[in-house]
Amino acid sequence: MRRQATQRRRAIEAGLAAHRVQGFHADLFGRVQRRRVRVRLALMAARAHRDAVEELLHAYVEAIDDDRLEEWPEFFTENCLYRVVPRENYDQDLPIALIHCDSRGMLRDRVTAHRKANLFAPHLYRHVVSAVRVSTSEDGIVTARSNYAVFRTSTDPMAFGTTEV
């Protein structure tokens, strides 16, 4: 069992799926070699997609965390869909969203409202983003998933107390 774990670890470090490394026979060497090349190329493409998605997510949350909200709509296409759906609605398959923006212009309006119309205590945001998992990639469309946590810290200690994270 320890030997198998070591083989899997070495296979993963080499960029190969572990199940592709075990059980090869000497008479299949030619076929195995081609399969290894295909697997390695596929993994390289998957890594490139994952790295690109990761970079996009980090740039996105950095713009929010650094209070560069005017840059935030530029992460979306002109015709986009940005929705904030409460977890309860999502779990019950209800389509009602707290926020629904279907264009970059609506996102810009949201930033303007945040800056000028909304009244709230001064605060900062910090996003912590998990690793990215790319599930599919075809025809230039990458489907990926990542989890995140958002921390909100008050910046007016006299009126609202202090928070250290």
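Student: Which side chain does a polar contact join to that of histidine 127?

Tutor: The side chain of aspartate 65, at 2.6 Å. A polar contact is a pair of N or O atoms within 3.5 Å; within protein, one must be able to donate a hydrogen and the other to accept it, and residues adjacent in sequence count only if both atoms are side-chain atoms. This is a predicted model: local features need pLDDT of at least 70, side-chain atom pairs count only at pLDDT 80 or more, and totals for chains, interfaces and linings use all residues. Residues are numbered from 1 along each chain as its sequence is written, and side-chain values use heavy atoms, with hydrogens and water left out.

Student: Is histidine 127 buried or exposed?

Tutor: Buried, because its relative accessible area is 16% (buried is under 20%, exposed over 50%, partly exposed in between; 1.4 Å probe, protein chains only). Histidine 127 lies in strand E3, residues 123-129 (strands, E, are DSSP runs of at least two residues and helices, H or I, of at least four, numbered from the N terminus). Leaving aside neighbours within four places in sequence, histidine 127 is in contact with Val61, Ile64, Asp65, Ala149 and Val150 (heavy atoms within 4.5 Å).

Student: Where does aspartate 66 lie?

Tutor: In the loop between helix H3 (29-65) and strand E1 (82-84). Aspartate 66 is partly exposed, because its relative accessible area is 38%. Its side chain makes a polar contact of 3.0 Å with the side chain of arginine 68. Aspartate 66 and leucine 124 are 58 residues apart in sequence, yet 8.4 Å apart in space, C-alpha to C-alpha.

Student: Which residues make up the largest nonpolar core?

Tutor: Ten residues: Ile64, Leu69, Trp72, Phe76, Cys80, Tyr82, Ile99, Cys101, Leu107 and Val111 (a set of buried Ala, Val, Leu, Ile, Met, Phe, Trp, Tyr and Cys residues joined through side-chain atoms within 4.5 Å). Strand E2 (99-101) and helix H5 (104-117) are the elements that give this core two or more residues. Leucine 69, beyond its neighbours within four places in sequence, is in contact with Ala63, Ile64, Val111, His114 and Arg115.

Student: How is empty space found?

Tutor: Rolling a probe the size of a water molecule over the atoms shows where empty space is left.
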